Amino acid sequence: MRIQRNGGTQPHPQTEKPDLQALRLAVSDKKNREGGLIPLLQLVQNEYGYLPEEAFGIISEATGLPIADIYGVATFYAQFRLQPVGKNIIRVCHGTACHVQNANALSEALHEELAIEDGQTSADGLFTLEHVACLGCCSLAPVMMVGENTHSKLSAKSALKIIREIKNQASQDQTNA
Ligand code: FES
């Protein structure tokens, strides 16, 4: 079963150096600075999918805050990423209901299929794998999200089918490009 969720920002794949000019403009905008550091970090992450190293110096210049303090905030909150992410973020739920319904089998199958561990990105840049707590649809356990799509009542086999379809689509797109 697949549930399409609306809203929220889809993380961007980051395969190139960030456009620093756009970053400078975004963080130096007075309106953005007024909200404080966390909204500023969220703005950068929404744009780039993670917090590029260069962002810390630019935010420091714009706000007057020491880089160490900005880095401290960015590493304190789990929502912020310091590394680029894949085109598709796979979130496998390991909350209680999903754990009981064998979420481990999904994760193990995905680790093997993609040759990555939790928090890592596949070599082709297509997938980043994350283990997360409850995704809010426990009656449909076990659950994983791929981007904004929620897939429920999964087995290892059905989870792999979803991932392989995305891989196939990506390679077709590449062939047609
Ligand atoms: S425990 Fe997985 S959705 Fe709630």
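The model is predicted, and the protein chain in it has a secondary structure of 8 helices and 5 strands. Read along the sequence, these elements follow the pattern β-α-α-α-α-α-β-α-α-β-β-β-α. Of the 177 residues in the protein chain, 27% count as buried. Among the contacts between residues at least 6 apart in sequence, 68% join residues that are at least 24 apart.

**Helix H3 and its contact with helix H5**

- Helix H3, which covers residues 37–48, has 12 residues and reaches 17 Å from its first C-alpha to its last, close to the 16 Å expected at 1.5 Å a residue.
- The buried residues of H3 are Leu40, Leu41, Val44, Gln45 and Tyr48, and, seen down the axis of H3, they fall within an arc of 135 degrees, so they line one face of the helix.
- Just after H3 comes Gly49, which takes a positive phi of about 85 degrees.
- Two packed helices are described by the angle between their axes and the distance between the axes.
- For H3 and helix H5 (residues 67–76), the axes come within 11 Å and cross at roughly 70 degrees; H3 and H5 are therefore roughly perpendicular to each other, since angles of 65 to 115 degrees are counted in that class.
- On the H3 side this contact is made by Leu37, Ile38 and Leu41, while on the H5 side it is made by Ile70, Val73 and Ala74.
- Sorted by class, the contact of H3 with H5 has 6 nonpolar residues, no polar residues and no charged residues.

**Helix H4 and what covers it**

- In helix H4, made of residues 53–63, the residues Ala55, Phe56 and Ile59 are buried, and they cover an arc of only 105 degrees around the axis, which puts them on the same side of H4.
- On the other side of H4, by contrast, Glu53 and Gly57 are exposed.
- What covers the buried residues of H4 includes helix H1 (20–28), together with H3 and H5.
- H4 is followed by Gly64, whose phi is positive and near 85 degrees.

**Helix H8**

- Helix H8 runs over residues 156–176, and its 21 residues reach 30 Å from the first C-alpha to the last, close to the 30 Å expected at 1.5 Å a residue.
- Of the 21 residues of H8, the number buried is 2, so this helix lies largely in the open.

**Backbone angles in the loops**

- As background to this group, most residues other than glycine have a negative phi, and most peptide bonds are trans.
- Asn102 has a positive phi of about 75 degrees although it is not a glycine, and it lies in the loop between helix H6 (96–100) and helix H7 (103–114).
- Asn102 counts as partly exposed, with 15 C-beta neighbours inside 10 Å.
- Lys153 is likewise a residue other than glycine with a positive phi, here near 50 degrees, and its place is in the loop between strand E5 (149–151) and H8.
- Lys153 counts as exposed, because it has 12 C-beta neighbours inside 10 Å and a residue with 12 or fewer is placed in that class.
- A cis peptide bond, with omega about -5 degrees, joins Ala141 and Pro142, and Pro142 is found in the loop between strand E3 (127–132) and strand E4.

**Two residues and their surroundings**

- Val146 lies in strand E4, which covers residues 144–146, and it is partly exposed, with 19 other C-beta atoms within 10 Å.
- Leaving aside residues up to four places away in sequence, Val146 touches Asn88, Ile90, His151, Ile162 and Ile166.
- Val146 and Thr128 are 18 residues apart in sequence, and their C-alpha atoms are 9.5 Å apart in space.
- Asp118 is found in the loop between H7 and E3, and it is partly exposed, with 14 other C-beta atoms within 10 Å.
- Again leaving aside residues up to four places away in sequence, Asp118 touches Leu129, Glu130 and His131.
- Asp118 and Val132 are 14 residues apart along the chain, and their C-alpha atoms are separated by 9.7 Å.

Notes: Residues are numbered from 1 along each chain as its sequence is written. This is a predicted model: local features need pLDDT of at least 70, side-chain atom pairs count only at pLDDT 80 or more; totals for chains, interfaces and linings use all residues. Axes are lines fitted to C-alpha atoms, for helices over the stretch in contact, and angles run from 0 to 180 degrees between N-to-C directions. Helices (H or I, at least four residues) and strands (E, at least two) are DSSP runs, numbered from the N terminus. Angles under 35 degrees count as roughly parallel, over 145 as roughly antiparallel, 65 to 115 as roughly perpendicular and the rest as oblique. Two residues are in contact if their C-beta atoms, placed from the backbone, lie within 7 Å. Ala, Val, Leu, Ile, Met, Phe, Trp, Tyr, Cys and Pro count as nonpolar, Asp, Glu, Lys and Arg as charged, and the others, Gly among them, as polar. A residue is buried if 20 or more other C-beta atoms lie within 10 Å of its own, exposed if 12 or fewer, and partly exposed in between; C-beta atoms are placed from the backbone. The arc is that of the directions from the helix axis to the C-beta atoms. The expected span of a helix is 1.5 Å times one less than its number of residues.
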